[in-house]
Amino acid sequence: MYTKIYLRLEPLGLELVAAAVRQAGHQVQLIDLQAETHKDYVRLIDHWQPDVVAFSCNYLANVPEIVDLAKLTRARRPDTFVLVGGHSASFIAQELLEHAGGAIDCVVKGEGEASVLPLLEAVEHDRRAVATVAGVVTLDGEGPPARLVENLDELMPARDLLRHRRRYFLGTLDPCASIEFARGCPWDCSFCSAWTFYGRSYRVVSPERAVDDLASIKESGVFIVDDVAFVQAKHGFEIGEAIARRGIRKQYYLETRGDVLLRNRDVFKFWTRLGLRYMFLGLEAIDEEGLRKYRKRISLGRAFEALEFARSLGIMVAINLIADPDWDRERFAVVRQWCLEIPEIVNISVNTPYPGTETWHTEARRVQTRDYRLYDIQHAVLPTRLPLAEFYDELIRTQRVLAMKHLGWSALRDLATIVLGQLARGQTNFVRSLWKFNQVYDPALMLADHRRPVTYEMKLPPPPKATVDPQGLYILNPRGRSGRSIDDATEQFVEATRMGTSE
Ligand code: B12
Ligand code: SF4
């Protein structure tokens with residue numbers, strides 16, 4: 001839903017996997033089903049007749065679509081090897097294979113660049129060896145644990161393989177490309193799987209490679225995909241200085257934590273001179289109890305100080321708040337009121353336990369649906385205190401109030417110069433997004449989503465536990481302190497601001 005209005009971004013992970021495959025001498029084509037249709041996909045496989053089809057499944061909500069496409073592929077091309085990789089696929093590998101009933105040959109856990117070449121070797125020469133490749137899961141067995149990419153500098157994303165680059169945008173950054181400066185997250189928030197996927201590691205791209213990559217980007221807008229941007233100020237400065245030396249001018253969007261912003265004020269200030277325009281801050285709650293629940297150890301006072309600081313830099317800030325299905329009407333009203341009093345963009349997501357997170361194991365409330373499609377943090381999958389219809393009424397009323405601050409005619413008036421420039425360049429993604437809210441966010445449609453027949457039922461979480469051993473959650477094996485490219489002072493800062501029990 002979110003991607004129907006506010007943004008559509010290039011599939012960077014898939015581009016890296018494609019780059020590894022191409023570098024090894026294979027022919028590769030990429031199709032992004034955010035920007036193209038299933039018909040386009042069918043046309044491509046019928047015409048090009050690939051030996052291997054690889055799907056990227058970063059989002060749990062996309063599981064049924066991928067399983068159906070895998071089955072369709074098997075029916076049309078029985079000898080084509082079908083594999084699935086990506087963030088969510090890694091946490092539910094076995095389940096995915098079972099749903100596909102043989103239409104998916106294997107799931108690749110972890111980082112695709114690290115496993116895809118040995119996997120293709122096995123597919124080409126000895127299919128029985130597939131199940132012995134690191135990170136690979138088949139219905140017959142599983143290979144050794146997924147390997148970590150040793151050096152993020154080795155590959156450049158195959159951006160040229162995307163056929164519709166003009167379709168990517170992020171708010172007013174239209175068109176917009178994506179770039180990665182660092183991978184992983186050293187914190188360990190209970191609702192998040194970014195750290196469990198990467199084994200709490202944190203690796204950086206060298207400033208030289210980062211700037212070479214940036215210099216190759218034609219789009220004027222750039223989304224920095226790092227989970228927490230500029231954890232280490234020195235790295236942010238080095239990249240920034242290299243950008244300034246090369247005279248690259250872009251407009252940037254990044255995501256970070258309030259406490260990182262306050263700790264590394266100078267680097268963010270420097271980046272506003274380079275073109276930093278938007279920042280996403282995961283505040284998650286506007287009360288202390290809520291913050292504790294989501295294990296954000298930042299105090300509310302510090303969070304508001306971070307907002308104030310971002311404002312002082314002239315950056316447009318988007319905040320995320322997590323609505324709990326337990327919220328009643330009063331709670332929504334308080335949030336609405338608070339959000340109207342601040343100039344920032346506020347995004348409300350719904351508290352959703354995901355496989356791979358701690359909350360998947362600790363949440364005592366039973367999930368109310370086994371429909372993957374509803375696990376998009378826009379629908380309620382936990383029991384709501386209000387009747388479901390009323391919960392959606394309140395949620396969408398709140399989202400509408402917040403969205404209207406930045407959509408519709410008033411936004412068009414405020415942003416007229418930007419929009420005229422975009423139209424002159426033939427870019428219409430942003431301007432079209434301004435009137436889409438009511439088409440996409442509608443309580444009746446949300447309720448109807450719950451009534452759709454469910455073909456693939458998600459596996460239920462195990463019985464809830466008070467605590468969970470993080471060792472059992474990791475996809476990539478943690479390397480402890482040595483897996484994090486941060487200095488000792490930053491490591492101590494992370495320790496002081498996280499509340500985890502791992503390592
Ligand atoms: C950038 C990003 C986005 C971008 C998406 C850009 C895009 N088109 O891919 C935007 C902002 C649009 C976005 C939106 C959402 N996101 Co998001 N996003 C991320 C983020 C921060 C980084 C992803 C990224 O680009 N990483 C860099 C690249 C290089 O890594 P990668 O994509 O993971 O790819 C690697 C591996 O996964 C693997 N791989 C990937 N594909 C394939 C394919 C094959 C064949 C193989 C072998 C391997 C492989 O190899 C790649 C290279 O190492 C992750 C957090 C994270 N750290 O993963 C969350 C994350 C993936 N998002 C999440 C969520 C919840 C959402 C939203 C639902 C939020 C919302 N407000 O609605 C939406 C849904 C979007 C949708 N399409 O349905 C959750 C996923 C939850 C889940 N289990 O489903 C994550 C994990 C964040 C979190 N902390 O919980 N997101
Ligand atoms: S800071 Fe927390 S929410 Fe953000 S990526 Fe890291 S673990 Fe996830």
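# Two ligand shells and selected residues in a predicted model

The residues around ligand 2 divide into eight nonpolar and three charged, with no polar residue among them. The model in which this shell is found is a predicted one. The shell of ligand 2 consists of Cys185, Trp187, Asp188, Cys189, Phe191, Cys192, Ala194, Trp195, Asp227, Val228 and Arg257.

Asp188, one of the residues around ligand 2, sits in the loop that runs between strand E9 (182-184) and H8. Is Asp188 buried or exposed? Asp188 has a relative accessible area of 1%, so it counts as buried. Its side chain makes a polar contact of 2.7 Å with the side chain of Arg498.

## Ligand 1

Ligand 1 has 40 residues around it, and those that come nearest are Leu9, Ser56, Tyr59, Glu113 and Asp227. By residue type, the shell around ligand 1 holds 20 nonpolar, 13 polar and seven charged residues. Asp227 also belongs to the residues around ligand 2.

Several elements give two or more residues to the shell around ligand 1: helix H1 (2-5), helix H2 (12-23), strand E2 (52-56), strand E3 (81-85), helix H5 (87-91), helix H7 (112-125) and helix H8 (194-197). Which element provides the largest share of this shell? That element is H2, with four residues.

## The chain as a whole

The protein chain has 23 helices and 15 strands. For 503 residues, a compact globule would have a radius of gyration near 23 Å; the protein chain has 22 Å, so the two agree. Along the principal axes, the C-alpha atoms fill a box of roughly 60 × 60 × 50 Å.

Of the 503 residues in the protein chain, 58% are buried. Among contacts with a separation of 6 or more, 78% are between residues 24 or more positions apart. The accessible surface of the protein chain is about 21,700 Å², and carbon and sulfur atoms account for 52% of this surface.

The loop between helix H16 (359-362) and helix H17 (388-404) contains Arg385. The relative accessibility of Arg385 is 53%, and the cut-off for exposed is over 50%, so Arg385 counts as exposed. Beyond its neighbours within four places in sequence, Arg385 is in contact with Pro325, Asp326, Trp327 and Asp328. With Asp326 there is a polar pair: a polar atom of the Arg385 side chain lies 3.0 Å from the backbone oxygen of Asp326. The C-alpha atom of Arg385 is 35 Å from that of Ser56, and these two residues are 329 residues apart along the chain.

Ile377 is also in the loop between H16 and H17. Although Ile377 is not a glycine, its phi is positive, about 55°. Ile377 has 31% relative accessibility and therefore counts as partly exposed.

Thr398 is placed in helix H17. Its relative accessible area is 0%, so Thr398 is buried. Which residues are in contact with Thr398, leaving aside its neighbours within four places in sequence? They are Phe332, Val335, Arg336 and Ile348.

## Other residues

Ala416 lies in helix H19, which covers residues 416-424. With a relative accessible area of 31%, Ala416 is partly exposed. Ala416 and Gly356 are 60 residues apart along the chain, and their C-alpha atoms are separated by 43 Å.

Gln49 is another residue with a positive phi that is not a glycine; the angle is about 50°. Gln49 is in the loop between helix H3 (38-48) and E2, and E2 is one of the elements that give two or more residues to the shell around ligand 1. The relative accessibility of Gln49 is 48%, so Gln49 counts as partly exposed.

The peptide bond that joins Asp174 and Pro175 is cis, with omega at about 10°. Pro175 is found in the loop between strand E7 (169-170) and strand E8 (176-179).

Conventions
Residues are numbered from 1 along each chain as its sequence is written. Chains are lettered from A and ligands numbered from 1 in the order in which they are written. This is a predicted model: local features need pLDDT of at least 70, side-chain atom pairs count only at pLDDT 80 or more; totals for chains, interfaces and linings use all residues. Side-chain values use heavy atoms; hydrogens and water are left out. A residue is near a molecule or strand if one of its heavy atoms lies within 4 Å of it. Ala, Val, Leu, Ile, Met, Phe, Trp, Tyr, Cys and Pro count as nonpolar, Asp, Glu, Lys and Arg as charged, and the others, Gly among them, as polar. Buried means under 20% relative accessible area, exposed over 50%, partly exposed in between (1.4 Å probe, protein chains only). A polar contact is a pair of N or O atoms within 3.5 Å; within protein, one must be able to donate a hydrogen and the other to accept it, and residues adjacent in sequence count only if both atoms are side-chain atoms. The radius of gyration is taken over C-alpha atoms; the globule rule is 2.2 Å times the number of residues to the power 0.38. Contact means heavy atoms within 4.5 Å. Accessible areas come from the Shrake-Rupley method with a 1.4 Å probe; for residues, only the protein chains shown count as cover.
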